[in-house]
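Student: I'm new to this one, could you walk me through it?
Tutor: Gladly; have a look at it first, and then ask whatever comes to mind.

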Amino acid sequence: MKKIVLGGAAVATLLAALFAPEDEGSIVGPATATTRQVERVAVAPLAAATAAAQTDRALAIHPRRALDDEEAATLFAKQSWQPETPKKIMLDQQAAQAALPAARVDANAPPPLPFQFLGRFVDEGKAAYFLQAGERNVVARPGDTLEERYRFDGVVQGALQFTYLPLNLKQTLAVGDLN
């Protein structure tokens, strides 16, 4: 393919050289400027004044407008295409866990759930739930055993229900609307 392209380029260069006009050995001199007279057309005084005012306004130097605090704060704000809903749910979960009072530690109480809800997927009528456990992402379906200590029981009243297997105690994870 390269040979065809290079051959075509060589043929085009040869044809251009053969059919180029004769320059008779002259050197092109520097360009010269020519002037021509412009006819003046009489313009109505009102139209001329309006045109002059528009030109003056367009060419005027305007002072810089100072930004107020709100505009300055959003000037370099972080922009994202990600929807707000999952972020809001996760922030609500973290706020709810932080707001819980530091209750006395009960030996028979299960530890707090290590899961955060990320989303849901329905395939052929069967729902799968995406959870985050620490740094790992987990896909859970009802009946699955997670982290060797939790069984995912399913969705009960808009919350994910887990069973802490060592103590056989139920725990729920509020996830908001699952639509």
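Tutor: What follows is a talk through a predicted model, going from the overall layout to the strands, the core and the salt bridges.

Student: How many helices and strands are there in the protein?
Tutor: The protein has 4 helices and 7 strands, and reading from the N terminus the order of elements is α-α-α-α-β-β-β-β-β-β-β.

Student: And what share of the residues is buried?
Tutor: Of the 179 residues in the protein, 15% are buried. The exposed surface comes to about 15,600 Å², with carbon and sulfur atoms supplying 58% of it.

Student: OK, strands next. How do strand 2 and strand 3 pair?
Tutor: They pair in the antiparallel sense, over 5 bridges, and together they form a hairpin with 2 residues between the strands. In that turn, glycine 134 has a positive phi of about 70°. Within the pairing, leucine 131 stands opposite valine 138 of strand 3.

Student: What's the strand order in the open sheet?
Tutor: The open sheet has 4 strands in the order 4-5-6-7, and the pairing is antiparallel. Strand 4 and strand 7 are the edge strands, each of them pairing on one side only. Strand 4 is joined to strand 5 by 2 bridges, and threonine 145 stands opposite arginine 151 in strand 5.

Student: Switching to the inside: which residues touch the most other members of the largest nonpolar core?
Tutor: That core has 16 residues, and those touching the most other members are Phe115, Leu131, Leu146, Leu160, Phe162 and Leu173. The elements giving two or more residues to this core are strand 1 (115–123), strand 2 (126–133), strand 3, strand 5 and strand 6 (159–164). As background, nonpolar side chains tend to be buried together in soluble globular proteins.

Student: What does leucine 146 contact, leaving aside its neighbours within four places in sequence?
Tutor: With those neighbours left aside, leucine 146 is in contact with Phe115, Leu131, Val138, Ala140, Phe152 and Phe162. Leu131 is also the residue that stands opposite valine 138 in the strand pairing.

Student: New topic, how many salt bridges does the structure hold?
Tutor: It holds 3 salt bridges. One of them joins the side chains of arginine 136 and glutamate 147, at 2.1 Å from N to O. This pair links distant parts of the chain, since arginine 136 lies in strand 3 (residues 136–140) and glutamate 147 lies in the loop between strand 4 (145–146) and strand 5 (150–156), 11 residues apart.

Student: Which residues are linked in a network of salt bridges?
Tutor: The network links Arg151, Asp153 and Lys170. Arginine 151 bridges to aspartate 153, with the closest N and O atoms 3.0 Å apart, and the side chains of aspartate 153 and lysine 170 meet at 3.3 Å, N to O. The second pair links distant parts of the chain, with aspartate 153 in strand 5 and lysine 170 in strand 7 (residues 169–174), 17 residues apart.

Student: And how exposed is lysine 170?
Tutor: Lysine 170 counts as exposed because its relative accessible area is 52%, and the exposed class begins over 50%. Arginine 151, at 29%, is partly exposed, and so is aspartate 153, at 25%.

Notes. Residues numbered from 1 in each chain as written. Predicted model: local features only at pLDDT ≥ 70, side-chain atom pairs only at ≥ 80, totals over all residues. Heavy atoms only, no water. Salt bridge = Lys/Arg side-chain N within 4 Å of Asp/Glu carboxyl O. Buried < 20%, exposed > 50% of the residue type's maximum accessible area, 1.4 Å probe, protein only. Core = buried A, V, L, I, M, F, W, Y, C linked by side-chain atoms within 4.5 Å. Contact = heavy atoms within 4.5 Å. Pairing = 2+ DSSP bridges. Areas by Shrake-Rupley, 256 points an atom, 1.4 Å probe, with all protein chains shown as cover.
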